[in-house]
Amino acid sequence: MDLRSFLALTETSGDLLTIGRPVDPRLEMARVIAALEGRPLKFSSVTGSAHQVVAGLCSGRGLFGLALGCRPDELLTQMAKALADPVTPPLVEGAVCQEVVETQVDLLALPFLTHWPGDAGPYATAAVAFINDPDSGPSAAFHRLLRLDGRRMVARLVEGRGTHTALGKTAEDLPVAICIGLPPHILLAAAMSPSPEVDEMAIAQALAPTPIVRCRTVPLHVPAVAEFVLEGRVTHRSVAEGPFVDLTETYDVVRQQPVIEIDCITRRQDAIYQALLPGGLEHKLLMGLPREPTIHAAVSQVCDCRNVHITPGGAS
Ligand SMILES: Cc1cc2nc3c(=O)[nH]c(=O)nc-3n(C[C@H](O)[C@H](O)[C@H](O)COP(=O)(O)O)c2cc1C
């Protein structure tokens with residue numbers, strides 16, 4: 001499944017709301033997403049950008065169920081099965097994510113959203129970074145990305161997690177491929193933290209078919225169905241990242257974080273940009289859902305545990 005086939009499913013189910021009037025990614029779009037929380041949205045006219053924007057695709061358990069073909073109360077079993085039995089994804093030649101290859105990189109053409117007036121600037125928030133750890137292999141994780149200019153962003157790399165650890169193992173730049181515009185099962189897999197030697201895309205493949213393709217300029221593989229792939233390098237140069245309203249709906253502090261330089265953008269024709277409201281339901285579900293199988297396994301050791309439901313009230 002790709003983002004477009006999932007959008008079609010939400011259209012058929014009556015969940016998708018399409019907004020036709022022009023909406024500005026600077027401050028206005030985040031307010032609309034917040035006001036319509038819980039609904040998948042498509043902004044078909046975006047001020048200052050040729051790309052359509054979708055948001056809220058994962059903003060309810062029912063939407064994950066729609067993507068995985070199960071009831072919301074069966075999500076835990078689906079995730080537990082995929083974590084227990086990951087499946088190597090098939091490698092394909094040629095993919096829709098490489099329909100257009102741009103070596104004249106211009107990140108300003110992408111409609112990064114400025115979410116709140118006190119934020120440091122425009123951020124990508126539904127961006128999944130693919131890297132290769134020299135010891136444990138491929139890894140995928142979300143990283144919020146503050147756009148600095150047409151070629152550079154600064155990433156928040158939480159200390160001790162996969163990307164931060166891999167960067168610490170090399171004195172060179174770390175090759176990275178950042179995908180924007182992915183279906184829910186890949187986002188869910190990227191939000192999981194299996195042991196480092198397990199590739200999150202093998203978990204995605206166990207959830208739903210997830211063909212991967214080799215990137216054009218970096219030795220990495222990404223989901224063939226991504227709308228955008230930003231190929232480049234995580235550098236050892238740091239600049240200020242933040243302030244930024246995060247998961248708890250409060251301002252995160254400013255930190256010195258690594259700069260990412262982008263050398264090539266590959267994308268679909270008419271690529272659709274994906275946004276995610278920080279601190280919104282989608283963010284909370286993606287943070288909470290992957291912990292439910294872990295809690296279920298632990299609680300099952302001491303009593304009969306029927307299911308686990310992490311609620312957004314405690315910021316998941
Ligand atoms: C919407 C969303 C945004 C996230 N943003 C970040 C981020 O900016 N930086 C970060 O290090 N982790 C972020 N995370 C958490 C990582 O994606 C998540 O912990 C991931 O599983 C880490 O995998 P790893 O432990 O294999 O590196 C975010 C997660 C979600 C769901």
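1. Accessible areas here come from the Shrake-Rupley method with a 1.4 Å probe, and for residues only the protein chains shown count as cover. On that basis the protein exposes about 13,000 Å², with carbon and sulfur atoms supplying 53% of it.

2. A word on what you are looking at. This is a predicted model, in which local features need pLDDT of at least 70 and side-chain atom pairs count only at pLDDT 80 or more, while totals for chains, interfaces and linings use all residues. Residues are numbered from 1 along each chain as its sequence is written, and side-chain values use heavy atoms, with hydrogens and water left out.

3. Now the overall build. The protein has nine helices and 18 strands; these are DSSP runs numbered from the N terminus, with helices (H or I) of at least four residues and strands (E) of at least two. Its C-alpha trace spans about 55 × 45 × 40 Å along the principal axes.

4. Of the 316 residues, 54% are buried, where buried means under 20% relative accessible area, exposed over 50% and partly exposed in between (1.4 Å probe, protein chains only). Contact means heavy atoms within 4.5 Å. Among contacts between residues at least 6 apart in sequence, 71% join residues at least 24 apart.

5. Which elements cover the buried residues of helix 3? Helix 3 (residues 61–68) has six of its eight residues buried: Arg 61, Leu 63, Phe 64, Gly 65, Ala 67 and Leu 68. Their cover includes helix 1 (3–13), helix 4 (75–84), helix 6 (184–190), helix 7 (200–207), helix 8 (281–288) and helix 9 (292–300). Just after helix 3, Gly 69 takes a positive phi of about 70°.

6. Helix 7 is worth a look too. Seven of its eight residues are buried, so helix 7 is largely enclosed by the rest of the structure. Among the buried ones are Glu 200, Met 201 and Gln 205. The cover of helix 7 includes helix 3, helix 4 and helix 6, along with strand 7 (127–133), strand 8 (137–142) and strand 13 (221–223).

7. Do look at the aromatic rings. A search of the whole structure finds three aromatic pairs. Rings of Phe, Tyr and Trp (its six-membered ring) pair if their centres lie within 6.5 Å; planes under 30 degrees apart count as stacked, over 60 as edge-to-face and the rest as tilted. Phe 228 and Tyr 273 have ring centres 6.4 Å apart and planes at 65°, so this pair is edge-to-face. The pair links distant parts of the chain, with Phe 228 in strand 14 (residues 228–241) and Tyr 273 in strand 18 (residues 273–275), 45 residues apart. Both residues are buried, and ring pairs link Phe 112, Phe 228 and Tyr 273 into a cluster.

8. Finally, two loop leucines. Leu 16, between helix 1 and strand 1 (17–19), is buried, with a relative accessible area of 13%. Beyond neighbours within four places in sequence, the contacts of Leu 16 include Leu 7, Arg 39 and Pro 40. Leu 108 lies in the loop between strand 5 (100–102) and strand 6 (123–124). Leu 108 and Gly 150 are 42 residues apart in sequence, yet 5.2 Å apart in space, C-alpha to C-alpha.
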